[in-house]
Amino acid sequence: MPRFAALNAPRATLSAAALAAMVMGHAAWAAPVAKPAIPAAAASAPGAEAPEAPRVPEQSSLDGQLFYQLLIAEIQANGGDAGSAYQLYLDAARRHQSGQLYQRAVEIALRARAGEQALSAAKAWRQALPQSRDAAEFTSQILIVLGRPGELAAPLRALIQLTPTPQQPQVLANLPRSLARLSDRQVAAQVIDEATQPWRQPPLEMAEAWAASGEAWLMAKQFTKAMAATRKALALQPNLLTANLLAADMIGQQPDAEAWVKGRVSRADAPPLLRLAYARRLASSQRYEEAATQLDELVKVQPEQTGHWILLAAVRLELRQADAAEAALKQVLARTEPAASTPAQPAPTSSAGNTASAEAASGDIALDKDREQAYLLLAQLDDLRGKRADALQWLELADPRHEKMAVQSQRARLLAQQGKVADARALLRGLPESEPRDAITKAQAEVQLLRDLGQLPEAYKVLEQTSARFPDDHELQYDQAMLAEKLKRFKDMERLLRRVIELAPDNPNAYNALGYSLADRKVQLDEARTLVEKAAELKPADPFITDSLGWVAFRQGRLDDAAKLLREAYTARPDTEIGAHLGEVLWAQGRKDEALRVWRESQARDRDNDTLKETLQRLGASL
C-alpha cells in the first residue's frame, strides 16, 4: 500500500457507531425506518385505523465485510497510517461506487498533505460518478492548489453544468477569485474562458460568464480583452453590478469605460457601490473636484456609511476646502460617538445570540477605526489652518498609547515643523517593534520625515544603516536608490537598482526607475529602452511606466512616438511630472500653445513640482 503517514495526518476521531452512521446515511444505502407496530388492543378499538403491516427493512449495502474494512481504515488513520487508510477507502469506494467513500479517501490524503493521491482519488471519483458535483468541485480545488491549470477546464465546466441553474451565476462570478492562486494570471484567464465557453454563446449565454472572463483578463492586465468581455456582459445585462465595476476599474485604460460608467451613475437608480468605485477612481487620478461631486451624491443616498464621509473629507482636504472637509468629519464623529452607558444585560447564550454579539462587536471595531481616521484627518485640517497644537490634540485622541505608526508619523512631522526634529526622530525610533519588519517601517517613516525637511544626506545615512541590518530587503534597497538619485550619486543608484532586480526580478519599479534615470541622463539609451520595456511587460498600462517609455523615445529623437505615449500616460493619470514631460515634447515639436496649456494644468495641481519648475526654467517658458 502507498504510505504517506509521515506527512503528519491529523488523527481521525470516528467511532464505529459514527462510521456506521456515516455510511448508512448515504442515499444508496439508507434503509427506510420501519414504523412501530400498533398494539392489538389499540387496533381493535372502535374507529381505530387498520394497522399497517410491518415493513421489512431493506438490506443495507453495509455488510460485515465492508464495515470491517472501513473500521480498520479508521483505526489506521487514527494510528497515523494515512496511506493504508487511504488505500482501504479508495478500494471500498471503487467496489461500491460510493461518493461518500471517495470523498473520505480524498480527505484522508488532503489531511496528510498528499496532493497527488488526493487528486488520483478525486479523478477516480469523477470517472466512476460523472454526475457528481462534489467530485468535480474537489477535483477543481485540488488542481488549483497543485498549480495544474492544464487539467482544470474540464472539471470546472462540469462543476458549472452540475450546479442547479439558479446558482450558476454565483459559481461563474466566483471563478476569477477561485483561480487567483495560480501564479500565471494569463493562463488562469484562458482556463476560465475554456471552462465558461458554453455559457458565453447561445443558447446558454449568460452575462455572468462574460463578466467572469472580463475580470480574469483584467487580473491578467489584458485590458483590451477584459473590456471586450465586459461589453458583452453589459449588452446582455446592463445592470449587472460586477460588469459595471469592471468598467470602473478600466477607466483610464479603455476609452469607452468611463463613458459607460458616467452614464450609469447619472441615473437615479445608480448602485451606490458603482458610484463609490467611480469616485475612488477619480480621486486616485487626482480629479478631486469630480470625485467630490460623486461623493456628495453618495452621502445623500447612504448617509449612515461613515466611510463615504471620510473619503469625502479627504478629497475636500486635497482641494484645500477646509470648511467642507470639517463638515464631513463632523458627520463621522456624530455617527461614531460611543453609545451612552446602559444597564448591563446578561450575555446571550444561544448560538444566534452569540452571532449577533460578534457582528455587533465587529461593527463597533469598524466604527472605532472610522473615528480614528476622522481624528487623523482633523489633525491634517488643523495643520492646514496653522493650528498645530490643536492638530497634536487630535492625534492624541487617535492614539493615546503612542504606538500606531500612521498616527505617530504624523505627530512626528508636526513636531519637526515646530523645530523639534530631535524629538520627532526619537518618537519614531521609540515606537515598539513586534516583528523585524517593524524596524524597517520605522526607518522608512524617519527617512520620509527627513526628506520632507530637506535633510537628504541624513535620510540617506538612515537608509544605509537599516540596509546593513536587512541586506536582502529589496524595498529598502529601492528606497535607498531613489534617494541616491536625488543626491546625484548615480553610481550608487545603479548598483542598488541592479541589486533590487537581482533580489526581486519581477519588480517592475526597479526596471522602470533604472531605465528612466539612464534616459534622463542621456546615457545607455538602448539599455534604458530595454529596461523600461521589461517594466511595461511586468506591469502593462501603468501610466508612470508609459511616461518612461515616452521619455526614452524623446531622448532617442522619436518625437511622434514620444508624444503619443506621453498623451496616453497623461490621459490615464494627469500627474504633474507626466505633464511636464508631455509639454516638453510638444514644445520640441513646435506646438508651444498646447505645451503651455498642459503646463498650466499641471502647475495648477502642484505648483512646487521640481520637474515642472526645472523644465520651465530650462526652456525659458513663462506661464
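Visitor: Which residues in H3 meet which residues in H4?
Guide: Contact means heavy atoms within 4.5 Å. Leu66, Gln69, Leu70, Ile72, Ala73, Glu74, Gln76 and Ala77 in H3 meet Ser84, Ala85, Leu88, Tyr89, Asp91, Ala92, Arg95 and His96 in H4. By class, nine residues of this contact are nonpolar, four polar and three charged. Nonpolar covers Ala, Val, Leu, Ile, Met, Phe, Trp, Tyr, Cys and Pro; charged covers Asp, Glu, Lys and Arg; the others, Gly among them, count as polar. A word on the source: this is a predicted model, where local features need pLDDT of at least 70 and side-chain atom pairs count only at pLDDT 80 or more, while totals for chains, interfaces and linings use all residues. Residues are numbered from 1 along each chain as its sequence is written, and side-chain values use heavy atoms, with hydrogens and water left out.

Visitor: How is the packing of two helices described?
Guide: By the angle between their axes and the distance between the axes. Helices here are DSSP runs (H or I, at least four residues), numbered from the N terminus. Axes are lines fitted to C-alpha atoms over the stretch in contact, and angles run from 0 to 180 degrees between N-to-C directions. H3 (residues 64–78) and H4 (residues 82–96) pack at about 155°, with axes 8 Å apart. H3 and H4 are therefore roughly antiparallel, a label for angles over 145 degrees. Their crossing is left-handed: the near helix is turned anticlockwise from the far one by less than a right angle.

Visitor: At what angle do H30 and H31 pack?
Guide: H30 (residues 559–572) and H31 (residues 576–588) pack at about 150°, their axes 9 Å apart. That makes H30 roughly antiparallel to H31. The crossing of H30 and H31 is left-handed. Their contact has eleven nonpolar, two polar and one charged residues.

Visitor: Which residues of H13 are buried?
Guide: Buried means under 20% relative accessible area, exposed over 50%, partly exposed in between (1.4 Å probe, protein chains only). In H13 (residues 241–249), Ala243, Asn244, Leu246, Ala247 and Ala248 are buried. The buried residues of H13 pack against H11, H12, H14 and H15.

Visitor: Which residues are linked in a network of salt bridges?
Guide: Arg425, Arg429, Glu446, Glu458 and Lys461. Within it, Arg429 and Glu446 form a salt bridge, their closest N and O atoms 3.0 Å apart. Arg429 is partly exposed at 47%; Glu446 is buried at 3%.

How values were computed:
Helix = DSSP H or I, 4+ residues; strand = E, 2+ residues; numbered from the N terminus. Parallel < 35°, antiparallel > 145°, perpendicular 65-115°, else oblique. Salt bridge = Lys/Arg side-chain N within 4 Å of Asp/Glu carboxyl O.
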